[in-house]
Amino acid sequence: MVAPTYHLACGIFDDAGFAGRLRAFPEDEEGIDLEVLEAKIRELEDEKPNKPQAQPFKDAGEHRKFYRHVIYVVPTCSNPSGKTMSVRRREGLVRLARKYDALVICDDVYDLLQWPLAKNANGASLRSDESPEMTLPRLCDIDLAMDRDPKDPKGFGFAVSNGSFSKMAGPGMRTGWLEGSPAFAFGLAQTASSKSGGAPSQFSAAVLSDLVHSGALQDYLASTVRPGLQRRHRLLVDAIHEHLSPQGVTIREAGLVDGHVYGGYFVWLKLPQGLSAKLVADVSLIEENLIVGNGNMFQVHGDEKTVNLDGAIRVTFAYVPEDELVEGVRRLAAVTQRVKADPTRYENLATTVSDAAMIDSSK
Ligand SMILES: Cc1ncc(COP(=O)(O)O)c(C=O)c1O
């Protein structure tokens, strides 16, 4: 799992039988660090060499495939870092997955929630259809465009993408989709519960089908959701520049390095050297009634040593009313200022508040 990771995915992998077996690999400015990822995979391969006598404990059957590894990433508008992975890295990751017989699970829930930031050479705002950054190929597209790998004779592929209507139609719309090779999709559809009852959320899926076919969902995204997020993002970023940048806090301006597009729900604040995110988050809650996500929350369960995340804080522009966004940044700036000015006064506070209380209130 990439670190920082979408924290709630850890529990999902734990529940699915991966508890105690999760490993973290870091991001760099372009997306994920492929060298460290490869080194981590090699470590695992060395721990468990592919002995011929090692039998899988269940039969994959005709329509499924067992992979040696699973790689979890949020390639576009990542939660929490806001980063978008470059095409070069996307290709590199697919090649790596093919080399080590891994399945890349791409949590692509923010793909359709992007907006152009910048103006073009004439000073006009870019239209979304003028921005190739908003239509970067998904990893499963890249994989499917490559020749079939000899390790995968039935064509299951090495990358799948999951999307969610909860981010587009509303959080209660518990329906999503998976995109991958025909063989993978068919295999997934063979789950006994789907065969028994159809889609897991058939009623919402039927409502959504109407909304998509009539174009109503697309209109809603274009007229309401994206402009709303764009406005909120601008408000938050302007407030950060005004109140936090003077204190040495830095942010990523665009999803891609030197890009012109932002998206998703989150901004990742890098604190000045020496300031603990855990401490700042605790003081924010206690003294300012302000909830922010301290970087440590986004560690991969069981592998917290690989990446240090205590220097970063995640904030969201998608949740609270617009006027509270600016007020929240003001309060956060007041906290960072106080903690920087008198660190010893706050030293003992860092261990008194549990992370769990904070995680609950915003995904
Ligand atoms: C990266 C990522 N994946 C998945 C989810 C959960 O999506 P849903 O609410 O549709 O289950 C979230 C929600 O915040 C997310 O940020």
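Predicted model: local features only at pLDDT ≥ 70, side-chain atom pairs only at ≥ 80, totals over all residues.
As a rule, most residues other than glycine have a negative phi, and most peptide bonds are trans. Here's where to look for the exceptions.

- Asparagine 289 isn't a glycine, yet its phi is positive, at about 55°.
- To find asparagine 289, go to the loop that runs between helix H9 (277-288) and strand E11 (293-294).
- Aspartate 258 also isn't a glycine, and its phi is positive too, sitting near 60°.
- You'll see aspartate 258 in the loop between helix H8 (216-243) and strand E9 (261-263).
- Aspartate 258 is exposed as well, with a relative accessible area of 73%.

**Cis peptide bonds**

- Alanine 3 and proline 4 are linked by a cis peptide bond, with omega at about 5°.
- Proline 4 belongs to the loop between strand E1 (2-3) and helix H1 (7-18).
- Asparagine 79 and proline 80 are joined by a cis peptide bond as well, and omega there is about 15°.
- Proline 80 lies in the loop that connects strand E4 (69-73) with helix H3 (87-99).

Conventions: Residues numbered from 1 in each chain as written. Heavy atoms only, no water. Helix = DSSP H or I, 4+ residues; strand = E, 2+ residues; numbered from the N terminus. Buried < 20%, exposed > 50% of the residue type's maximum accessible area, 1.4 Å probe, protein only.
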